[in-house]
Amino acid sequence: MTGTSGAPRVLYAATECAPWVKTGGLGDVVGTLPEAIRAAGVDLRVLLPAYPALRVAIRGRRLATFEGAVLSETTLPSGVPVLLLEASALFDRDGGPYQDRQGRDWPDNAERFSLFARAAAWIAGEETSLGWRPQLLHCNDWQTALAPAYLRFMHGSDAVSLMTVHNLAFQGLFSRDAFQSLQLPEAAYAIEGIEFYGKVSFLKAGLYYADAISTVSPTYAREIQRAPMGFGLEGLLAKRHDVLHGILNGIDVRLWDPARDPLIAAPYDCDQLETKARNKRALQEFLGLYPDPHVPLFGTVSRLTHQKGIDLLLSVGERLVSLPGELALLGQGDKDLEEATLAFAQKHRGSAATIIGFDEGLAHLIEAGADIFLMPSRFEPCGLNQMYSQRYGTPPVAHATGGLIDTIADFDPRGGRTDGSGFMFAEPTPASFFSAIERAVAAYRDTVTWRQLQKNGMHADFSWDASARHHAALYRSLIDGRERSQQPPT
Ligand code: ADP
């Protein structure tokens, strides 16, 4: 492996990468951010488990073995170099990356992801035969979060570590017994370490041992320093606030571009917003909704979970259809929410449709065909769909939390603001949510106002550029800080 001389060398460890392996926003981020960071002058390489979907799509060149796993090197179509960790007994299986087809966690997740994290630390930590050694190890979510602990306890490692939290609700909690297999010193099983209320917390290890922490929006970075958003880790995060950074996510503006989207019925840009109506018609037809061009069509694409406020959506559902309004909902997740959303659509056939499943094409058509996008998340580290929807001229109605606050300008005609691009509500309650929906519908009825709102969102810059620059600067300052601390005092 050859490096780009002078550029900071970064190993970016993650366990999803769109379009091959994606369970949510993390997959989208890993599929796009690395390319943008490289364009900002960083010699970044991605480390991924060699899931079947990746192995089939991208052939690797064998480089080394580590604890019985094979490390191979390859390049993504985007040009981003990738290291794949092949351990067929651990990663080569049918189902999701973390769960089987029935939605049950794989019983050996601690073993799977501790090996992955050890491999990341090994690459960053010692003189390997790879010929390329990162100066910084960038970890993403609990699946990679043991790596900073391994680095810390490894002899001779001078690599710095950065732990990014994409969603603090997922912590990688395992029983105390799992600790024995992790190959960490006994001392690490402590409150000042990996222990979390009698269990092992992979994420806490990352938050505790990493040199710096980041999360995916500035507002979420503040929120997680307090209960309840800190999910029990707020004390540790508040203590480390001086190394905690909020770097706002972007989106893939090439993949999510209404002017060039092959997955929608009729491409359009902000000067041809009339064409958007053809997407609405196509969506209504596809879902069996009444093909009324005037009724506001609400769209949602989401994991069906408590976090995403799907229960709030159901609580306002009756009022929403009797506005009148229509609802197009795509998602999968908790079985009770899947059943409840299906029952709602059944009851309001023609006005509401629920599709259970993960469907990239339909997600694009909903963004393009809906008039208004609904995002009543109880908490949202960053959220991507509200950015997609603004780019598609589909203003969002969203709970004022986390990254939603940082990416949506609330439309407030009374305040004289003309830059609004969506509708925020303060409390995650049906009443607060529905009053924002009513504000959105009132604006929708006023064509001039609505066009302005749509254009405001479509003109916003949601590209990865700012995030990539921010990451490159953070990498440089962390690496410089480590180098300075290693120089003998003069
Ligand atoms: P989270 O990562 O919490 O699920 P985000 O908004 O950050 O939420 O990212 C979700 C991503 O997954 C978006 O790209 C969204 O379009 C996609 N997505 C979620 N559910 C589905 C689904 N059922 N079908 C297609 N895409 C989905």
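Helices and strands here are DSSP runs, numbered from the N terminus. With that settled, I opened my notebook on this predicted model.

**Entry: around the ligand**

I looked up the neighbours of the ligand and found 18 residues surrounding it, the closest being Gly-25, Asp-28, Arg-303, Lys-308 and Gly-357. By class, I noted 6 nonpolar, 7 polar and 5 charged residues in this shell.

Which elements supply at least two residues each of the shell around the ligand? I listed α1 (25-39), β13, β14 (326-333) and α13 (385-391). The largest share, 3 residues, comes from β13.

I then checked the oxygen atoms of the ligand. A polar side-chain atom of Lys-308 lies 2.8 Å from one oxygen atom, and for Asn-385 I read 3.2 Å from a polar side-chain atom to a ligand oxygen. Leu-384 takes part through a backbone N or O atom, 3.0 Å from an oxygen atom of the ligand. I also noted that the protein covers 93% of the 560 Å² of accessible area that the ligand has on its own.

**Entry: between domains**

Why does the ligand lie between domain 1 and domain 2? I saw that domain 1 (9-250 + 465-485) and domain 2 (273-458) both give residues to its shell, so the ligand lies between them.

**Entry: the sheet with β13**

Next I followed β13 into its sheet. This is an open sheet of 6 strands with parallel pairing, in the order β15-β14-β13-β16-β17-β18. At its edges I found β15 (352-356) and β18 (423-425), each pairing on one side only. The twist averages 20 degrees from one strand to the next.

I finished with β13 (residues 297-304) and β16 (residues 372-375), which run parallel and are joined by 2 bridges. Gly-299 has Phe-373 in β16 as its bridge partner.

Technical notes:
Residues are numbered from 1 along each chain as its sequence is written. This is a predicted model: local features need pLDDT of at least 70, side-chain atom pairs count only at pLDDT 80 or more; totals for chains, interfaces and linings use all residues. Side-chain values use heavy atoms; hydrogens and water are left out. Two strands pair if DSSP finds at least two bridges between them. Helices (H or I, at least four residues) and strands (E, at least two) are DSSP runs, numbered from the N terminus. Axes are lines fitted to C-alpha atoms, for helices over the stretch in contact, and angles run from 0 to 180 degrees between N-to-C directions. A residue is near a molecule or strand if one of its heavy atoms lies within 4 Å of it. A polar contact is a pair of N or O atoms within 3.5 Å; within protein, one must be able to donate a hydrogen and the other to accept it, and residues adjacent in sequence count only if both atoms are side-chain atoms. Accessible areas come from the Shrake-Rupley method with a 1.4 Å probe; for residues, only the protein chains shown count as cover. Ala, Val, Leu, Ile, Met, Phe, Trp, Tyr, Cys and Pro count as nonpolar, Asp, Glu, Lys and Arg as charged, and the others, Gly among them, as polar. Domain bounds come from an automatic or database domain assignment.
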